Amino acid sequence: MKALLCKEFGPPETLSYEDVDDPVISPGKVIVDIYSASVNFPDVLIIEDKYQFKPSLPFSPGGEASGIISEIGEGVDGFIVGDRVIVSAGWGCFVEKILVDPSALTSIPDSMDFDTAASFLMTYGTSHHALKDRADLKKGDSLLVLGAAGGVGLAAVEIGNAIGAHVIAAASTEEKVQICRDHGAKDGLVYKTGSLDRDEQKSLSNQIKDLTAGLGANVIYDPVGGDYAEPSLRAIAWEGRYLVVGFAAGYIPKIPLNLALLKGCQIVGVFWGAFKAQFQDQHNDNVADLLKMYDDGHLKPHISGVYDLSNGAKAIKDLAERKAKGKIVVKVKS
Ligand SMILES: NC(=O)c1ccc[n+]([C@@H]2O[C@H](COP(=O)([O-])OP(=O)(O)OC[C@H]3O[C@@H](n4cnc5c(N)ncnc54)[C@H](OP(=O)(O)O)[C@@H]3O)[C@@H](O)[C@H]2O)c1
């Protein structure tokens, strides 16, 4: 079968597209024929050995995908050959066939196509867990989303809007902010790219305060970090919740703790992968909730690019270079 492989750690250009042996079925496992995979920021990090999980070389990147079960190992219950499934594997999905544990699978509803299914779980799962379980976002709260047109960002915009929050989308271009408005954001702001000096940070804080009638945002969803974090926290409301989701800007900011005291606010960590591993029942309830929101038309995953598997490296490069809006899909089989 064909596979996109990371044989040495490095940027997307170092990935190699080649033939590898098909996986062989074993007891307790299933083989899924992959139709679509999607790119997430962790794929950018994992190929450069900058992610918290470190697979041994060679490996295929691609944390999630969708497809059809083609073989079932002895002792597997709950799935049959022909089932349409989402695969949440962490890595290994930029291939034509994958051998996985059934615990990595989620059934796809009939109403959802393969591209959407491959783009769904990590982004919406993370943002749903963050906003519902970690921030207790309520109807009427103001919600500031940084990197709002990215994968987890746009999911947060839609889920926040579905909950009834007043969503403010912050992104690097007017085009990205407009996509967020199309997905339910009520307000938006464009921030500068690159590092922000003191005045630019102050101006970002003021923009957020202006959009929240001087009160600050009740909840801030931050998958970006870097220079955007502190000025955003300075514009949080009294008793606000600041969600630490990721550091797409490339560095982990250090925050003066007096800000938490002055705002009576909480700085809350979000780690969806660890949550779903430890709290499987709660995670399953969250997935059921998300699929219902999808069926009810509240969630409309935005896919801004589709690449063939042979071009998977370009898909990861585009995401790393901030060219993605919503999700990028790698098409494996039509
Ligand atoms: N905590 C968790 O459980 C969890 C789960 C999934 C993902 N994450 C993390 O969440 C972050 C976003 O993931 P994602 O898959 O949504 O990525 P994504 O689609 O690439 O979105 C990231 C956004 O960050 C912004 N950004 C700002 N500075 C950037 C830079 N220097 N390089 C690239 N992007 C930059 C971009 O928006 P603008 O151009 O508008 O600034 C981009 O749209 C990552 O750090 C990822 O590791 C965390």
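The following dialogue examines the grounds for several descriptions of this predicted model.

Visitor: Why is the chain called as compact as a globular protein of its length?

Guide: The chain contains 11 helices and 15 strands. Its radius of gyration is 20 Å, close to the 20 Å that the globule rule gives for 334 residues, so the chain is as compact as a globular protein of that length. Along the principal axes, the C-alpha atoms fill a box of roughly 60 × 40 × 35 Å.

Visitor: What share of the residues counts as buried?

Guide: Of the 334 residues, 47% count as buried. As for contacts between residues at least 6 apart in sequence, 66% join residues at least 24 apart.

Visitor: Which domains does the domain assignment give?

Guide: The assignment gives domain 1 as 2–120 + 304–331 and domain 2 as 123–273. Taken over C-alpha atoms, the centres of the two domains are separated by 29 Å. Contact between the domains involves 8 residues of domain 1 and 11 residues of domain 2. On the domain 1 side, the touching residues are 3 nonpolar, 2 polar and 3 charged.

Visitor: What makes Glu158 count as buried?

Guide: The cut-off is 20 or more other C-beta atoms within 10 Å. Glu158 has 26 C-beta neighbours inside 10 Å, and therefore counts as buried. Glu158 lies in helix α4. Residues up to four places away in sequence aside, Glu158 touches His183, Gly184, His298 and Leu299. Between Glu158 and Ile328, 170 residues apart in sequence, the C-alpha to C-alpha distance is 18 Å.

Visitor: Which residues have the most contacts inside the largest nonpolar core?

Guide: Val145, Ala148, Ala169 and Tyr221 have the most contacts inside this core, which has 100 residues. Strand β3, residues 30–39, gives the most to the core, with 7 residues. The core draws at least three residues from each of domain 1 and domain 2. In soluble globular proteins, nonpolar side chains tend to be buried together.

Visitor: How do you know that the shell around the ligand draws on domain 1 and domain 2?

Guide: Each of the two domains supplies at least three residues of the shell. Of the 29 residues around the ligand, Phe41, Gly147, Gly150, Gly151 and Gly246 come nearest. At least two shell residues come from each of α1 (41–46), α3, α4 (151–163) and α9 (272–278). Helix α4 gives the most to the shell, with 3 residues.

Visitor: What classes of residue make up the shell around the ligand?

Guide: By class, the shell has 17 nonpolar, 10 polar and 2 charged residues.

Terms used: Residues numbered from 1 in each chain as written. Predicted model: local features only at pLDDT ≥ 70, side-chain atom pairs only at ≥ 80, totals over all residues. Helix = DSSP H or I, 4+ residues; strand = E, 2+ residues; numbered from the N terminus. Rg over C-alpha atoms; globule rule 2.2 N^0.38 Å. Buried ≥ 20, exposed ≤ 12 C-beta atoms within 10 Å, placed from the backbone. Contact = placed C-beta atoms within 7 Å. Domains from an automatic or database assignment. Nonpolar A, V, L, I, M, F, W, Y, C, P; charged D, E, K, R; others polar. Near = placed C-beta within 6 Å. Core = buried A, V, L, I, M, F, W, Y, C linked by C-beta atoms within 7 Å.
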